[in-house]
Amino acid sequence: MAVGSITGPFIVLALSLLLASLQPSVAASSTAWTEIAEIKASDASSYSAFGFSVAADATTAIVGAYQSNKMGDDAGAAYIISLKNDHWQQTAELAGSGIAAQSAFGKAVDIDGDTVVVGAPHDTAVYVFVDVSGQWLQQAKIQAPGSAAGFGSSVAVSGDVLVIGAPQANAGRVFIFHRSAGVWMLNTTLSPPSESAGYFGAAVAFDSYSVAVGAHDSFSPGTVSVFIPRSGSWAVQSVVHAPSGHANDFFGGAVAVDGEHMLVGASHHSGDHSLSGAAYAFTRTGTVWTLKQTLEPDTVAEGQMLGASVCLCEAGAWIGMPGYAENQGAAVVFKLKQGRWTRTAMATATGGDVGDLFGFALAVGADVAFVGSYGIDDEAGRVLVFGPPTAPTAPGDGNNLPMSMLLLLGIAAFILVALVVVLLMIIAVGLALALIALTSLLPRGSSVHGDGEEALETLLSTAV
Ligand SMILES: *[C@@H]1O[C@H](CO)[C@@H](O)[C@H](O)[C@H]1NC(C)=O
């Protein structure tokens, strides 16, 4: 009975400890993205800047390393990452003819289905590769029309349409190429609208309907011009201005468009904090784009450079801030909930370090995110792969597994405690029996007890 009254509270304590330890992990699993792989180039070397550019389709990513010396000094390189034997890994390194020293091949990349495009702006060229039964083969090397400076600084591909920025060609130009029977032909050259900032084409985005062109210079915060197809060509729909800000904010330095949503980064924006950066979400109603929300991490700090990279995807909006925590970097994740962008998670590298520049580039596929971190290992660079939070389940469903697990663990703990109690009782009974046997064997009058009593009496009398 005495043993039972001790173990009762013990079982309660054990169960409550179990509950407490299980509860937080259940709550965290609803929003957190977890790092599942860390990838560096198979031929990684310092200053190749692997991860400076990243793009992703559903299950394949393309990563640029524009300072790689492998094909010549600063020729650049580009790699394919995909799932192989259940592991995300580099599965190909693109090799094209005509990639020479100083090309900066890989400064900009994009992918759509079996087509990959790689900009080599220092050579004013863009390379196209296609996946032919598992082999990435060069389909074209597109040279800049009229040797437009910076051609290939930004690229976006969707289906048979390729958008290429050349921000250093005068105030900037954007070229739209169409593919027909495997041949790429120039369709339209876009010039900056009169309202646009300079360095037009610093960033481009294309969702198969709208072409968004970022432009920023040292005289204005920057602009994004949106073009749509019209009567056999492309026409400007609107020029979107920075909601607030100053010259050189880099508004339009990063842009993403998806249907009626657009994300624009202004990584050099200084609000209350110098170079905190900013990210803006716009929506289109009819033909008019309006600011919907300003997207921020939970704490805005100096030098974070929020908006250096932006990505719109099914999983939501990803915004890179490579300046976070002394250039260690981070990314913030938002989800559209009842028409509002709601912050759901922040991604950082496990074991990240100062200067990693995690989030300088990022891309999200189907249930997978790739975050470039080109500062790691003396700019050898890496790409970190993240898996999504476990899908939110109905309240009943969500609790079933942990509750049944709890029940099992509780039963196991109870059995364990009961076994210990039985064991203790057996030992106690054994000891008692042994003691009885022992005392009956000892001669009367000379018991240990007697000595003890005498000693106690002496002690008591001296104390008194
Ligand atoms: C040029 O682009 C427009 C808009 O997408 C398209 O309607 C037209 O067919 C294209 N022209 C050529 C020659 O590809």
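**Stop one: a run of paired strands**

Select residues 211–217 and 220–230: these are strands S15 and S16, antiparallel and joined by six bridges. Strands here are DSSP runs of E with at least two residues, helices are runs of H or I with at least four, and both are numbered from the N terminus. Strands count as paired if DSSP finds at least two bridges between them. Before you go on, note that this is a predicted model, where local features need pLDDT of at least 70, side-chain atom pairs count only at pLDDT 80 or more, and totals for chains, interfaces and linings use all residues. Numbering starts from 1 along each chain as its sequence is written.

Now click Gly-214; opposite, in S16, is Val-224. The hairpin linking S15 to S16 has two residues. How many of the 11 residues of S16 are buried? Eight are, so to speak, under cover; buried takes 20 or more other C-beta atoms within 10 Å of the residue's own, exposed takes 12 or fewer, partly exposed is in between, and C-beta atoms are placed from the backbone.

Arg-230 has Ser-233 in S17 as its bridge partner. In this hairpin, with two residues between the strands, look at Ser-231: its phi is positive, near 35°.

**Stop three: an open sheet**

Next, show S10-S11-S12-S13, four strands in that order in an open antiparallel sheet. S10 (154–158) and S13 (183–190) are the edges: each has a single partner strand, so one side of each lacks a neighbour in the sheet. Between S10 and S11 (residues 161–166) there are five bridges, and Val-157 faces Leu-162 in S11.

**Last stop: Val-255**

Finish on Val-255. Not counting residues up to four places away in sequence, its contacts (C-beta atoms, placed from the backbone, within 7 Å) include Gly-214 and Val-224, the pair from stop one.

How values were computed
Contact = placed C-beta atoms within 7 Å.
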